[in-house]
Amino acid sequence: MPVKQIHLAAQLPSVQHTVIWSDPHAGSQIAFDSFARLARTAERGKFDFFFLSEGLRLREHKGRVHDLDVAGRPEALTVLGALSAVTTHIGLAATVNSTFNEPYDVARRVATLDHLSGGRAAWNVVTSYDAFTGENFRRGGFLDEADRYTRAAEFLHTAQELWDSWRPGDFRADAASGEFIRAGAGRFAHRGQHFDISGRFSTPPGPQGRPVIIQAGDSAEGREFAAADADVIFSRHSDLASGRAAYRDVKARLAKYGRAPEDLKIIPSVSYVLGDTPAEAAERAEEVARAQVGPETALMLMEAAWGRDLSGYDPDGPLPDVDPVPESVVTKGHNLYRSRGRDETVRHWRKIAEEGGLSIRELITEVTARPTFVGTPRQVADAMNEFVQSDAADGFVFSPNVVPGGLDELVDRVVPLLQEMGVHRAEYTGGTLRDHLGLRPARHHHSEETP
Ligand SMILES: Cc1cc2nc3c(=O)[nH]c(=O)nc-3n(C[C@H](O)[C@H](O)[C@H](O)COP(=O)(O)O)c2cc1C
């Protein structure tokens with residue numbers, strides 16, 4: 001078997017407690033310089049793409065805006081448009097929600113990024129649908145959970161129809177005939193369950209035709225959506241066992257859509273801590289964890305899971321002896337227990353705490369902040385390679401702990417080892433993000449109509 005290449009990506013981390021904003025080396029979480037520094041570092045490491053997440057509503061805890069995490073990030077497509085001017089090769093991936101937007105607008109903005117960047121655009125289609133977020137759009141509670149992916153799939157198909165509505169040669173710019181564009185260019189008509197639109201699409205497609213599609217969301221419906229339509233899954237499975245299980249499950253879903261396993265790359269979100277020796281790395285990992293999960297954060301996340309006030313409990317003491325409150329929500333905008341359900345999450349956490357003799361704070365660190373890779377550069381490079389070669393993933397999205405310098409050590413000390421091992425490119429060989437990911441050119445469905 002030929003060795004697999006590792007697909008590397010990086011994100012300026014999402015709004016969560018693992019971002020150490022109080023670190024003396026932390027810079028602005030908003031200024032363009034921070035984004036530019038991180039994106040350029042990833043490009044120096046010849047990464048496939050730079051990724052930005054999206055949070056459409058600030059979290060609230062016990063009725064107040066939760067003030068322990070970084071709050072407020074600028075809008076992704078605008079930031080990436082600016083980054084396209086200060087980078088040359090790296091892909092630029094924006095998270096844009098399919099529930100609270102419209103296909104025409106999103107298709108136009110993503111195509112525009114593909115033009116600006118010379119074919120480096122990607123769109124991460126997320127499906128957050130909750131009423132709390134929806135209030136910001138006068139759409140509180142407008143979409144049932146069951147419809148989040150039917151809308152996402154139709155949204156994406158509609159966007160693809162718009163990107164396909166222009167064909168090669170539609171730009172004439174023929175001074176002799178006075179014809180600038182072909183008469184039928186951009187014409188579309190879509191009628192479906194969620195969207196009923198027709199007209200002319202105003203933006204010709206960029207160099208990739210169809211930009212790269214990313215999916216993040218781990219339900220069965222989410223995996224099916226990705227198997228049918230996505231090029232990349234941004235996953236949460238960052239340990240070998242669950243990584244392999246998810247990988248097998250997702251790749252097995254591809255055949256029924258006429259797709260091959262390599263048509264969909266699976267890349268989990270991961271973090272790392274380096275040291276010159278294994279002991280030093282472990283010590284630094286402890287320090288990082290202490291900064292990420294302070295006593296208030298530990299209690300806050302405990303209260304979110306338990307659905308009740310736990311302020312009388314010592315974060316450095318044992319887990320609460322009281323039961324969770326089934327339907328109660330003390331933290332809005334957090335999806336801590338969404339995938340397992342509250343009861344299962346609490347049972348799972350109690351089990352881990354009992355087995356390891358963990359305090360509240362140690363448990364929260366273990367379940368929400370454990371770095372994926374800890375060790376010397378050599379150990380980390382080997383562990384990354386094992387993860388990919390054993391089909392637990394096709395690569396990684398690195399989420400640094402500190403903005404904007406947290407990627408430097410990885411690029412300076414680990415990436416050269418991966419290059420020596422022959423599992424990561426020494427130079428970019430293509431110009432588009434599809435090239436970096438080793439994806440075929442986008443399928444282009446020509447419309448039948450020719451006026
Ligand atoms: C690794 C990962 C990253 C995600 N990032 C975002 C994000 O930035 N913004 C967002 O609104 N939802 C994000 N999500 C949420 C999912 O995209 C999805 O909307 C949600 O989990 C519901 O889908 P599901 O039931 O398939 O999980 C992320 C999910 C995962 C697994």
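**Close-up views of a predicted model**

**View 1. Residues annotated as a binding site.** In the UniProt record, an unreviewed entry, the annotation "binding site" covers Thr95, Tyr149 and Ser219. The structure shown in this and the following views is a predicted model, and two of the annotated residues, Thr95 and Tyr149, are taken up in turn below.

View 2. Thr95 belongs to strand E5, which spans residues 91-97. Because 23 other C-beta atoms lie within 10 Å, and 20 or more are needed for the term, Thr95 is counted as buried. When its neighbours within four places in sequence are left aside, Thr95 is in contact with Leu52, Ser53, Glu54, Ala76, Asn124 and Val126.

View 3. Tyr149 is found in helix H5, made up of residues 148-163. Tyr149 is buried as well, because there are 25 other C-beta atoms within 10 Å. Its contacts, again leaving aside neighbours within four places in sequence, are with Thr127, Glu221, Gly222 and Phe225.

**View 4. The barrel of eight strands.** The eight strands follow one another in the order E1-E2-E5-E6-E11-E12-E13-E17 and close into a barrel, with parallel pairing. From one strand to the next, the twist averages 30°. Strand E5, which holds Thr95, comes between E2 and E6 in this order.

View 5. Strand E6 (residues 121-126) pairs in the parallel sense with strand E11 (residues 212-215), and the pairing extends over four bridges. Within this pair, Asn124 stands opposite Ile214 in E11, and Asn124 is also one of the residues in contact with Thr95. Helix H3 (residues 103-116) packs on the sheet, where it touches E5 and E6, and its direction makes about 150° with that of E6.

**View 6. Strand E13 between its two partners.** Strand E13 (residues 265-270) is largely enclosed by the rest of the structure, because six of its six residues are buried. On one side, four bridges join E13 to strand E12 (residues 232-235), the two running parallel, and here Ser235 stands opposite Pro268 in E13. Together with helix H7 (residues 240-252), E12 and E13 form a right-handed β-α-β unit. E13 is also joined by two bridges to strand E17 (residues 395-398), again in a parallel arrangement, with Val270 standing opposite Phe398 in E17.

Terms used: Residues numbered from 1 in each chain as written. Predicted model: local features only at pLDDT ≥ 70, side-chain atom pairs only at ≥ 80, totals over all residues. UniProt positions renumbered as here; feature names shortened; annotations may be inferred. Buried ≥ 20, exposed ≤ 12 C-beta atoms within 10 Å, placed from the backbone. Contact = placed C-beta atoms within 7 Å. Pairing = 2+ DSSP bridges. Axes fitted to C-alpha atoms, helices over the stretch in contact; angles between N-to-C directions. Right-handed = clockwise from strand over helix to strand, strands pointing away.
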